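Lead sentences come first, followed by points grouped by topic.

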Amino acid sequence: MLRELYTARLERKQCLSEAAQCFHLEFVVEGEEEFSFTPGQFISVVSNDARGKPDTRAYSIASAPRDNRFDLCLNRVESGYFSNLLCDLAAGAAIQIEGPLGFFTLREPLTDSILVATGTGVAPLRGFLQRLFPIGGPDRSGGKEIWLVYGTRNESEIYYREEFETIAAHYANFHYVTTLSRAPESWPGLRGYVQDHVAQIVGDRAARLGQPLPAPRPDPAIPPAQLRFDIYAYICGLSEMIGAVRERLAGFGWHRKQIVTERYD
Ligand SMILES: Cc1cc2nc3c(=O)[nH]c(=O)nc-3n(C[C@H](O)[C@H](O)[C@H](O)COP(=O)(O)OP(=O)(O)OC[C@H]3O[C@@H](n4cnc5c(N)ncnc54)[C@H](O)[C@@H]3O)c2cc1C
């Protein structure tokens with residue numbers, strides 16, 4: 001099926017981490033007043049690869065919809081073609097994109113939610129958070145408890161830290177949990193892997209609400225598509241981390257439909 005191609009021009013570029021070679025890119029879609037999408041979706045960048053053959057790569061949109069603009073957050077991948085092409089793009093340069101695409105979006109009605117990411121996996125979660133908790137805009141979280149559990153090796157790779165700390169300062173129901181796997185002794189925050197902190201959150205919440213853990217299996221008479229839960233997890237990043245978090249949640253009796261994932265590799 002032929003999809004519509006858009007031209008997106010890079011308006012602003014910011015290095016989020018020199019060490020990790022991670023960049024925040026802001027694009028304007030030319031000839032469109034609006035570029036509509038659901039937070040969490042991705043676009044597909046279309047270009048000729050290093051050998052001149054047409055190819056595409058997916059990139060999560062790292063923002064909520066705002067007129068004809070969207071943001072990306074990506075890091076260089078060693079020997080990769082598209083990631084380096086985008087990281088080297090200069091302001092004013094244009095790329096071809098298709099989209100929006102994908103189903104990594106907040107399930108409705110909104111429930112308590114644990115958002116989990118490592119590295120650039122934070123991109124679509126930033127879109128969720130801009131939508132739910134716009135600074136200076138209407139609170140769309142409906143009072144649900146929302147956790148962002150973000151893991152990385154070093155402090156220099158905590159992307160969008162100020163933005164998320166600002167949200168946490170404004171909204172008592174947003175919990176920003178950052179954990180470092182290679183923290184120096186001076187790091188005052190959490191350590192270790194995201195799955196351990198997700199497990200802690202799930203355990204504490206169940207105890208607070210007086211819910212059994214592991215959770216009882218849903219009624220088998222209800223078709224999976226019709227199942228509704230009071231909490232979901234949204235996990236984005238590389239498959240090893242996603243597998244580790246999924247395994248912990250499955251151990252708590254979570255149903256596969258409660259665990260929404262976006263894999264980058
Ligand atoms: C739905 C979807 C959304 C994505 N969104 C993003 C995004 O928002 N930001 C982003 O940086 N990447 C994202 N990716 C990954 C992206 O599509 C490319 O795979 C990545 O940029 C590498 O492309 P490349 O052409 O440079 O290298 P390739 O030659 O295609 O890949 C080289 C290797 O790097 C691995 N890889 C892919 N992504 C990463 C990564 N982030 N870090 C380390 N290794 C990786 C691949 O598995 C592959 O083995 C997404 C992938 C998918 C499927």
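**Briefing on the predicted model**

Helix α2, which spans residues 122-132, is mostly covered, with 10 of its 11 residues buried. The model described here is predicted. Its chain has five helices and 12 strands. The radius of gyration is 19 Å, close to the 18 Å that the globule rule gives for 265 residues, so the chain is as compact as a globular protein of that length.

**Overall dimensions and burial**

- Taken along the principal axes, the C-alpha atoms of the chain fill a box of roughly 55 × 50 × 40 Å.
- Of the 265 residues in the chain, 34% are buried.
- The buried residues of α2 include Val122, Ala123, Pro124, Leu125 and Arg126. Gly127, Phe128, Leu129, Gln130 and Leu132 are also among the buried residues of this helix.
- Among contacts between residues at least 6 apart in sequence, 71% join residues at least 24 apart.

- The chain is divided into domain 1 (5-101) and domain 2 (112-263).
- The centres of domain 1 and domain 2, taken over C-alpha atoms, are separated by 25 Å.
- Where the domains meet, 16 residues of domain 1 are in contact with 16 residues of domain 2.
- On the side of domain 1 that touches domain 2, β1 (5-17) and β5 each supply at least two residues. The largest share of that side, four residues, comes from β5.
- By class, the side of domain 1 that touches domain 2 has 11 nonpolar, five polar and no charged residues.

**The shell around the ligand**

- The ligand has 21 residues around it, of which Leu74, Gly80, Phe82, Ser83 and Asp265 come nearest.
- Domain 1 and domain 2 both give residues to the shell around the ligand, so the ligand lies between them.
- At least two residues of the shell come from each of β4 (54-60), β5 (69-75) and α1 (82-87). With four residues, β4 gives the most.
- The shell around the ligand divides into 10 nonpolar, eight polar and three charged residues.

**Strand pairing**

- Six strands form an open sheet in the order β10-β9-β8-β7-β11-β12, with parallel pairing. β10 (190-191) and β12 (259-263) stand at the edges, each with a single partner strand, so one side of each is left without a neighbour in the sheet.
- Strand β7 (residues 112-118) pairs with strand β8 (residues 146-152) in the parallel sense over six bridges. Alanine 117 stands opposite tyrosine 150 in β8.
- β1 and strand β2 (residues 22-29) pair in the antiparallel sense over eight bridges. Arginine 9 stands opposite valine 28 in β2.
- The hairpin of β1 and β2 has four residues between the strands, and glutamine 21 takes a positive phi near 50° in this hairpin.
- β2 also pairs with β5, in the antiparallel sense and over seven bridges. The bridge partner of valine 28 in β5 is arginine 69.

**Phenylalanine 37**

- Phenylalanine 37 lies in the loop between β2 and β3 (42-48). This residue is buried, because 20 other C-beta atoms lie within 10 Å and a count of 20 or more is the cut-off for a buried residue.
- Neighbours within four places in sequence aside, phenylalanine 37 is in contact with Ile61, Pro65 and Pro100.
- Phenylalanine 37 and leucine 101 are 64 residues apart along the chain, and their C-alpha atoms are separated by 8.3 Å.

**Backbone features in loops**

- The peptide bond from glutamate 108 to proline 109 is cis, with omega near -5°. Proline 109 lies in the loop between β6 (94-101) and β7.
- A cis peptide bond also runs from leucine 213 to proline 214, with omega near 5°. Proline 214 is found in the loop between α4 (194-209) and β11 (231-237).
- Aspartate 67 is not a glycine, although it has a positive phi of about 35°. Aspartate 67 lies in the loop between β4 and β5, and this residue is exposed, with 12 other C-beta atoms within 10 Å.
- Serine 79 has a positive phi of about 65° although it is not a glycine. Its place is in the loop between β5 and α1, where serine 79 is exposed, with 8 other C-beta atoms within 10 Å.

Key:
Residues numbered from 1 in each chain as written. Predicted model: local features only at pLDDT ≥ 70, side-chain atom pairs only at ≥ 80, totals over all residues. Near = placed C-beta within 6 Å. Nonpolar A, V, L, I, M, F, W, Y, C, P; charged D, E, K, R; others polar. Domains from an automatic or database assignment. Rg over C-alpha atoms; globule rule 2.2 N^0.38 Å. Contact = placed C-beta atoms within 7 Å. Pairing = 2+ DSSP bridges.
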